[in-house]
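The points go from a sheet to its surroundings, then to side chains and the chain as a whole.

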Amino acid sequence: KRFIVSAAIAEAFSARFVERVQALVVGDPTAATTQIGPLARADLRQALQSQVERSVAAGARLLCGGHPLPGPGAYYAPTVLADVRPGMAAFDEETFGPVATISVARDDADAVRLADATAFGLSVSLWSAAPERARHVARQLTTGAVFINAVTASDARLPFGGTRQSGHGRELAAAGLREFCNQRTWWVCRPD
């Protein structure tokens, strides 16, 4: 949900991204046309609203959304915040709801700095027309998984998990199965 975008394309990216977010269909999660359902509880929606408000108060720009939706259920308008930086709630905390943030990076080194300026590290998706460049950037990041020109996903054949406050250990694949095992050490000495 944190988008770190190169300064060279930030304006065009932001305009197209906001256009697509505003087109999302919010509604009944059982309806086939719905793309965004409600949050699980009203208190979670209020926590999300607080994160948005604190971020805007700290200097983030609200590009769209940013408010609860009326009616039954804990619906929240799909939201995009721009100019988000470390020290803002929407940057430093996990936002469990339809909130995306955009931070602009001057260059690859700045993108790495922004990506690692977090207590979390589940996964990262890097998008580039130059996959070698993306691999070079990814090697500098602290995350449990890297996806180049693909969205974050999990596959039962591969271990998946994060770093820092995004978890310890792995799930799925052989590494995930070993997380459910207790290793037992035996040390037997011969009596002499």
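1. Strand S2 (residues 61-64) and strand S3 pair in the antiparallel sense, over three bridges. Two strands count as paired if DSSP finds at least two bridges between them. Strands themselves are DSSP runs of E with at least two residues, helices are runs of H or I with at least four residues, and both are numbered from the N terminus. Within this pairing, Leu62 stands opposite Leu81 of S3.

2. The model is a predicted one, in which local features need pLDDT of at least 70 and side-chain atom pairs count only at pLDDT 80 or more, while totals for chains, interfaces and linings use all residues. Residues are numbered from 1 along each chain as its sequence is written, and side-chain values use heavy atoms, with hydrogens and water left out.

3. S3 also pairs with strand S4 (residues 99-105); the two run parallel and are joined by three bridges. Val80 has Ala100 as its bridge partner in S4, and Leu81 stands opposite Thr101 in S4.

4. Buried means under 20% relative accessible area, exposed means over 50%, and partly exposed lies in between (1.4 Å probe, protein chains only).

5. The open sheet has four strands in the order S1-S4-S3-S2, with mixed pairing. S1 and S2 are the edge strands, each pairing on one side only. Neighbouring strands of the sheet are turned by 30° against each other on average, with direction ignored. Helix H4 (residues 108-115) packs on the sheet, where H4 touches S1 and S4, and its direction makes about 145° with that of S4. For such angles, axes are lines fitted to C-alpha atoms, for helices over the stretch in contact, and values run from 0 to 180 degrees between N-to-C directions. A contact means heavy atoms within 4.5 Å.

6. How many aromatic pairs does a search of the whole structure find? The search finds three. In one of them, the ring centres of Phe3 and Phe13 are 5.9 Å apart and the planes stand at 40°, so the pair is tilted. Phe3 belongs to strand S1 (residues 2-6) and Phe13 to helix H1 (residues 10-22), so this pair ties together parts 10 residues apart in sequence. The criterion for a pair is that rings of Phe, Tyr or Trp (its six-membered ring) have centres within 6.5 Å; planes under 30 degrees apart count as stacked, over 60 as edge-to-face and the rest as tilted.

7. Phe3 is partly exposed, at 30% relative accessible area, and Phe13 is partly exposed at 25%. Phe3 also forms a tilted pair with Phe17, at 4.7 Å centre to centre and 55° between the planes. That pair links S1, which holds Phe3, to H1, which holds Phe17, across 14 residues. Phe17 is buried, with a relative accessible area of 18%. Ring pairs link Phe3, Phe13 and Phe17 into a cluster.

8. Another ring has a charge over it: Arg2 lies over the face of Phe91, at 4.5 Å from the ring centre. The criterion is NZ of Lys or CZ of Arg within 6 Å of the ring centre and within 35 degrees of the ring normal.

9. In helix H5 (residues 131-138), Ala134, Val137 and Ala138 are buried. Seen down the axis of H5, the buried residues fall within an arc of 100°, so they line one face of the helix. The arc is that of the directions from the helix axis to the C-beta atoms.

10. Ala8, in the loop between S1 and H1, is exposed at 72% relative accessible area; its C-alpha is 9.0 Å from that of Ala105, 97 residues away in sequence. Asp92 is found in helix H3 (residues 89-92) and counts as partly exposed at 33%. Asp92 and Ser55 are 37 residues apart in sequence, with 9.9 Å from C-alpha to C-alpha.

11. For the chain as a whole, there are six helices and eight strands. Buried residues make up 34% of its 192 residues. Among contacts with a separation of 6 or more, 47% come from residues 24 or more positions apart.
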